[in-house]
Amino acid sequence: MNDTPSLELFDVSKRYGTHIALDGVSLEVPQGSIFGLLGPNGAGKTTLIRMVAGITGPDQGSISFFGEAMSSEHISLLGYLPEERGLYKNMRVGEQAMYFARLRGMGKKEAERELTDWFQRLEVDGWWDKEVADLSKGMAQKIQFIVAVLHKPKFLILDEPLSGFDPINASRIRTEINRLRDEFGTTILLSTHDMSSVDELCDHVALINNGKKILEGPVNALRENARAGRIELKFRGNLIGFTAALGAGAILHEALSLGDNIHDVVLGLPPSIPIEQFLKWATTEVDVLSCTPKVVSMDEVFLHAVNAVSNTDPS
Amino acid sequence: MNRWLIVVGREYKTRVRKRAFIISTLLGPFLLVGVVAAILFIGMSSTEMNSKVLIVDHHNLLTYNIPGEEGVLKASCQECFAERSFLEYSFASKALDTEAFLESEFTAMIVFDDGIMQHAKALLQYEFAAPMKVQSAIKRDLGEAIERLRVKSESKLDYETYKKLKVQIGLSTENIVTEDRNIENKSVVGFVFSVFMFMFIMIYGMHVMRGVIEEKSNRIVEVVISVVKPEHLMGAKIAGIGLVGLTQIAVWSLLSWLLFLGFGVYAESSGLLLNSMGEQGAQVAATDFMTFIQSNEELGVLLQVNWGMMLGWSAFFYLAGFALYASLFAAIGAAVEQESDAQYLLLPAMIPLMFSYIVNVFIIESPDSTLATFCSFFPFTSPITMMVKLSVGVPWWHVAVSSIILIMTVLLMVKLAGKIYRTGILMYGKKPSLREMARWLMYKNT
């Protein structure tokens with residue numbers, strides 16, 4: 001993988017009148033990654049995406065693609081699927097897809113070939129001459145997805161790509177997103193509220209809140225960070241006795257009795273105590289059934305970070 | 001291919017292939033001719049109803065009693081009250097009361113008394129209003145009858161000599177600078193052009209607004225402006241739709257011309273020409289259509305109009321005027337999310353267009369008035385007013401100045417509208433006020 005980030009934002013700000021939509025955001029999206037852009041509603045995600053898509057420009061700061069300052073040269077490298085999306089009602093499906101392919105700089109023949117391929121892949125072949133007005137919502141969304149990726153963009157922006165799809169088609173689209181990355185090395189900037197798709201798709205994420213970036217990094221590192229040394233321990237024995245024996249060595253966060261004197265607890269270990277050392281001690285106290293690092297969902301990472309910021313930042 | 005041209009192509013192609021466009025473009029001239037023909041036909045058929053007019057002559061001023069036939073009167077001047085297919089006179093010495101009149105076969109009644117002789121005003125009473133054609137025939141007939149009475153009683157001339165002495169002057173006009181003649185009739189042609197100009201700017205301007213609203217409301221605009229700059233998208237939309245209008249103008253012009261020629265051939269071969277010449281009592285024995293048109297007072301103007309010049313300038317003023325209004329409409333479309341929200345913004349934008357259309361009625365009356373001159377320079381009215389000015393002849397510098405002002409305004413307006421469009425197209429949720437839209441003009445170009 002090339003070290004030059006495919007997208008780099010440096011100290012980017014954007015304001016609309018008195019409203020500050022983005023405030024000094026810097027980001028690096030590694031090449032070939034699926035980069036999740038997260039944040040509550042009104043955080044500034046759409047503003048950021050619109051700037052990356054070339055729709056608006058920053059008031060301050062710079063944006064570069066593959067090490068070069070963003071320019072109209074990059075239009076054919078970009079693919080963009082906006083969150084709320086539509087199609088022209090007075091055009092047929094194939095014609096419409098061709099129109100966008102040609103806008104992105106594809107030749108007629110190449111566009112036709114790719115379209116045929118994509119139509120087969122997403123099982124929409126035979127729709128070429130269909131009126132857009134006759135499509136169901138799900139059908140239209142498939143076409144919109146195809147339109148966004150048809151020209152094999154090196155950098156693909158997907159804003160809530162799975163919303164509105166039924167589970168079967170959502171999974172099909174997820175497969176295609178992964179395939180684009182794996183086969184063509186496409187970098188994907190994915191904005192979503194749906195944490196399960198972040199868990200399943202993204203390798204990097206950034207979290208934006210109130211126009212500021214509050215978190216960025218590889219998903220695993222962020223999870224590890226949010227885990228904060230917590231482990232999940234399942235044992236058979238006396239919970240009260242065990243807790244008393246813990247003393248100040250570890251903090252009990254959660255406890256769940258599963259019956260038959262079996263308990264499931266979440267413990268926070270101080271960084272000074274390695275998990276192996278703790279486990280050695282625990283086996284002397286109770287009958288340990290299993291011990292794993294606490295699995296932190298992206299939901300928790302997200303909530304944790306947003307709460308942390310809102311607690312410290314009154315604005 | 002240039003991205004801009006791809007967008008222009010889409011705007012153009014998706015519209016010209018619509019069934020409604022094809023039908024209206026091909027049938028337009030036929031429809032127009034059809035409507036005119038229908039009006040003429042209805043007008044003619046309404047005069048087919050025979051009007052029977054009773055003239056009540058108490059004092060036998062216009063009539064005499066037929067000896068031996070009690071109460072039957074006859075006109076003293078038979079030529080004055082000649083029978084026509086649509087008008088028939090009867091005379092009586094006593095007026096009918098309302099009931100008797102309604103029961104009678106008469107459709108109208110005039111009581112001829114001294115008042116008519118003195119003030120030349122008569123009262124036509126009717127149950128069903130008499131057509132204009134009948135009324136003017138009655139006026140002519142009564143006028144001639146009274147004239148004969150007066151000539152007889154007040155001069156030594158006989159009526160035929162009097163008629164020979166009478167002179168009516170026709171007035172032809174010529175502009176000493178441009179040497180244009182008979183501008184009154186030509187200005188009517190100009191007026192027709194201006195009506196079409198108004199219609200095309202209005203219809204296709206609305207197309208632009210609707211197109212913008214469609215793209216905004218279904219959010220497709222975001223995908224397009226990630227590829228094409230918003231100002232360029234707006235420009236491409238205006239250009240594409242403007243060309244659709246130009247196509248329709250071109251096809252209509254061509255079809256109308258063919259229709260005119262076709263009608264000429266039909267008129268020549270079917271003998272229709274000779275019939276109508278005979279009816280009009282024309283002195284020129286024209287057997288070909290063009291000579292017929294030329295000799296006709298009203299239609300003759302058709303051959304005096306410089307059609308090439310008119311069409312060429314129409315195309316220019318249409319494109320420029322359309323670009324001016326369409327950019328306004330595009331900015332309005334970008335500011336709203338649905339057509340019904342656009343009404344309050346549309347009104348101020350349409351006022352100059354409506355104004356120039358209404359004011360044209362006065363301008364054809366006097367094409368050289370101050371109002372006409374002002375309107376022909378003012379860019380929001382000039383595309384429409386100039387049609388009338390051009391038809392009656394206008395110095396070249398006048399056209400040049402008007403064109404330059406218009407082009408400069410178009411450039412400025414496209415730039416300003418582009419700024420509003422750029423901001424408005426990505427704003428959702430609330431209806432902006434005019435003040436807010438003005439603020440968008442100040443936003444930086446990013």
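How much area is buried between chain B and chain A? About 2,700 Å² is buried, and carbon and sulfur atoms give 55% of that area. Buried area is the accessible area (1.4 Å probe) that two parts lose on being put together, summed over both.

This is a predicted model: local features need pLDDT of at least 70, side-chain atom pairs count only at pLDDT 80 or more, and totals for chains, interfaces and linings use all residues. Residues are numbered from 1 along each chain as its sequence is written, chains are lettered from A in the order in which they are written, and side-chain values use heavy atoms, without hydrogens and water.

**The interface of chain B and chain A**

| Item | Value |
|---|---|
| Chain B residues in the contact | 24 residues |
| Chain A residues in the contact | 31 residues |
| Salt bridges across the interface | two salt bridges |

Contact means heavy atoms within 4.5 Å. A salt bridge puts a side-chain nitrogen of Lys or Arg within 4 Å of a carboxyl oxygen of Asp or Glu. Glu222(B) and Arg50(A) form one (2.9 Å, N to O). On the side of chain B that touches chain A, helix 1 (3–16), helix 7 and helix 8 (220–225) each give two or more residues.

**Helix 14 of chain B**

Helices are DSSP runs (H or I, at least four residues), numbered from the N terminus. Helix 14 of chain B covers residues 343–365.

Technical notes
Expected span 1.5 Å × (residues − 1).
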